[in-house]
Amino acid sequence: MIHLSSDLTYPTQCPACGTIEVTGQVRFAGAVTIARANCPVCGIAFYQTLPNGQFNRFPIAVSTDGRAVRAARRGRWLVKLVMNCGAVFENEGNRPALAQTCSIINSTLGTSVPDVLLLFCLDDCYGHALMMLFNAQRHYEQPQRRTVPNRPIIAVVPRALAWLVPDYVAETWVVDQPIASLDRAVSGFDRFVKQQLKRFGTVWFSKGHIHFDHRTTRFADFTRTRKFELPQFDQGVTRHITFVLREDRLWLRSGSERWLYRACQRLGFLPKTHALWVRWQVHRYRQLANHLRQTYPTCQITITGLTNSRITGFDGLIDDRRQPAPLPTEQERTWCAQYARSHVVVGVHGSGMLLPTSLAAGFVNLLPPDKLPHYAEDVLLAHENPIHQTLLGRFLPTSASPRQVAALIASMLTEFPVWLAEERERG
Ligand SMILES: [Zn+2]
């Protein structure tokens, strides 16, 4: 964590001439917190990111005209985000009246608090925002281990994550707009944050790391749902399998399918062909359900996920619990309960597998070729025994056929109980 000075300044380094210790003014844009500075040597105005979320790994400094950039090669894609977010501060005098985009909920803080820790969990990627929120547990536990003083935590989250904020967070600031819209500055956010910070003496700014140890993170603090208990895996006859679907992350098997889908996206045909693509995916999962029933007849199959098309087609074969967006919190909790009784959850990378995999016994994650380097970013399976992790956490390419996926799931359902039985026998 870093200390935010009372005058909200932060030391920066000019991206054009390299002058160091240039004083920048901290600006809160939403997914990016920047220090805006004017270089006293070369005269350029520039933004530098504060370390938070993905900017810990990829710090960015960029001149306001975009000509001078200091960024790691792999972090260059973030420059546009910084420019977009920073631009809102360039014509502040001309800005229109600000919308009410932020609200405070679940506050246990008074009006005057000496010391707080600010945990920003804002990112246009749901997974990143969720990982940032997981830092709350670490910040809560560190004072108990006496490694840092006790400071009330303030979590700043998009509306979609508000229900996941743990009880030990002292106050929650909710940004009431879709996660995907956080690729731009949040209207009125800087003014809101600075107004609130007047309530506090010393403000610490969490780095909001997006990488953490899955084994020590208690996901139940966030979901308030106990995960599947592995000793129960072989109890009873019924095996619960849950398919996690999204209509914008499709199970496309062949290169030609993916090429056609991308072409529809680029040429603007996707809205007109959307229903066709969704039906195609439904057909594929229906095939998977059929094969699964043939290979493992005591499966009970459920589907969760967002559906705005409301295209069905599972014909009683599957318990279809999909819902249109935006999702009520109660529905999220119902889904979490479903994941926590699932022996295996199945979904394409990016279809919202983080919470399902944190709660289920096992998963099958279907990976498109372009997601191979990012295969671990969509799952949270956290069994203490590494062999459990290996046996129950599986990845397959999206090119796998429904028959092959069904065979893999059936083998997990068959083989893991064998392993459990032997473990019990060994004592
Ligand atoms: Zn300079």
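How many helices and strands does the protein have? I counted ten helices and 18 strands. I note at the outset that I am working from a predicted model.

**Overall dimensions.** I looked up the radius of gyration next: it is 24 Å, close to the 22 Å that the globule rule gives for 427 residues, so the protein is as compact as a globular protein of that length. Along the principal axes, I find that the C-alpha trace spans about 70 × 55 × 35 Å.

I then checked burial across the protein, and buried residues account for 38% of the 427. For contacts I took pairs of residues at least 6 apart in sequence; of these, 64% join residues at least 24 apart.

**Strand β17.** I turned to β17, which covers residues 362-367. Is this strand mostly covered or mostly open? I find it mostly covered, with five of its six residues buried.

**Pairing with β16.** I looked for the partners of β17. Strand β16, residues 344-348, is joined to β17 by five bridges, and the two run parallel. In this pairing I located V346 opposite V364 of β17. I also followed the chain from β16 to β17: the path goes through helix α8, residues 354-359, and the β-α-β crossover is right-handed.

Definitions and conventions:
Residues are numbered from 1 along each chain as its sequence is written. This is a predicted model: local features need pLDDT of at least 70, side-chain atom pairs count only at pLDDT 80 or more; totals for chains, interfaces and linings use all residues. A residue is buried if 20 or more other C-beta atoms lie within 10 Å of its own, exposed if 12 or fewer, and partly exposed in between; C-beta atoms are placed from the backbone. Helices (H or I, at least four residues) and strands (E, at least two) are DSSP runs, numbered from the N terminus. Two strands pair if DSSP finds at least two bridges between them. A crossover is right-handed if, with the strands pointing away from the viewer, the path from the first strand over the helix to the second runs clockwise. The radius of gyration is taken over C-alpha atoms; the globule rule is 2.2 Å times the number of residues to the power 0.38. Two residues are in contact if their C-beta atoms, placed from the backbone, lie within 7 Å.
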